[in-house]
Amino acid sequence: MHPQVSVLVKLQAIDLSIEKIEETKEEYPKKTELLKENLKEKRRVTNLKREKLEKLEQDRMREERILQQEIQRIEKHEERLLSVKTNKEYQAALKEIALAKESNSEREDNILNVLEELDALRKGLGEQEKDCEKTCREFEKESNELEEKLEKFERQLAQETRRREKLYSEIDAEVLRMYKNIRKGRHGIAVVRVKNEFCQGCNMYMPPQLANEVQKGIDMVFCPSCNRILYWKKNS
Ligand SMILES: [Zn+2]
């Protein structure tokens with residue numbers, strides 16, 4: 001292989017590896033960010049449910065108090081029944097007691113309904129809280145892992161960058177400039193193998209004479225179709 005091309009093959013592998021690490025490094029925190037948003041939303045919903053439950057519980061207690069007061073009021077009316085003088089007064093008092101009892105019975109039904117609703121809300125809230133805790137644990141785990149992973153990526157990047165610097169010193173400035181230019185327009189691939197007389201970059205068939213030239217490795221050879229730098233490697 002042409003000596004400069006041989007260095008370029010190694011350089012390209014490192015460049016691709018660096019780009020991959022950088023890409024992963026960018027993408028990785030997004031997962032944690034997503035979990036954080038998810039957790040925030042779940043906590044918001046949980047708080048709303050808790051507030052609703054507390055409010056309903058207060059309503060229930062207020063209704064219970066009123067019910068107790070009404071029961072006492074009825075008892076007083078019933079005591080007074082004993083001391084009324086006329087039949088008219090007696091009938092009026094009886095009517096009042098009946099009305100109060102009817103309204104109390106409605107109140108009791110309402111309280112029962114509220115109690116059922118409270119049960120359902122408590123159950124829902126319990127599940128919601130469990131779900132929140134689960135997401136919270138996932139988030140904490142991801143956050144811890146994220147720090148470790150980012151440190152690992154940084155170490156890898158430093159290592160690859162050192163290797164790249166070393167290779168740079170082995171390449172002619174002109175060849176390096178050419179390599180970088182070709183990479184730009186071709187998805188980061190500037191050096192490609194010729195395999196079975198086909199360019200592995202664009203799949204173009206090589207005239208045997210050209211393929212032969214690549215194999216000799218005396219001059220740098222470019223693909224006539226995609227302009228990439230070609231190299232030959234024994235089939236493996
Ligand atoms: Zn090609």
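Leaving aside neighbours within four places in sequence, with which residues is Leu8 in contact? In this predicted model, where local features need pLDDT of at least 70, side-chain atom pairs count only at pLDDT 80 or more, and totals for chains, interfaces and linings use all residues, Leu8 is in contact with Tyr179, Val191 and Ile229, contact being taken as C-beta atoms, placed from the backbone, that lie within 7 Å. Residues are numbered from 1 along each chain as its sequence is written.

Leu8 also belongs to the largest nonpolar core, a set of 20 residues in which Leu8, Val191, Val194, Val214, Ile229 and Leu230 have the most contacts. Such a core joins buried Ala, Val, Leu, Ile, Met, Phe, Trp, Tyr and Cys residues through C-beta atoms within 7 Å, and a residue is buried if 20 or more other C-beta atoms lie within 10 Å of its own. Two or more residues come from each of helix H1 (3–81), helix H3 (173–185), S1, helix H4 (208–216) and S3, where helices (H or I, at least four residues) and strands (E, at least two) are DSSP runs numbered from the N terminus.

The strands form an open, mixed sheet in the order S2-S1-S3, two strands being paired if DSSP finds at least two bridges between them. Because S2 (198–199) and S3 (229–232) each have a single partner strand, one side of each is left without a neighbour in the sheet. S1 (residues 191–195) runs antiparallel to S2 with two bridges, Lys195 being partnered with Phe198, and parallel to S3 with four bridges, where Val194 is partnered with Trp232. From S3, Ile229 and Tyr231 point one way and Leu230 and Trp232 the other, and all are buried.

Conventions: Buried ≥ 20, exposed ≤ 12 C-beta atoms within 10 Å, placed from the backbone. Contact = placed C-beta atoms within 7 Å.
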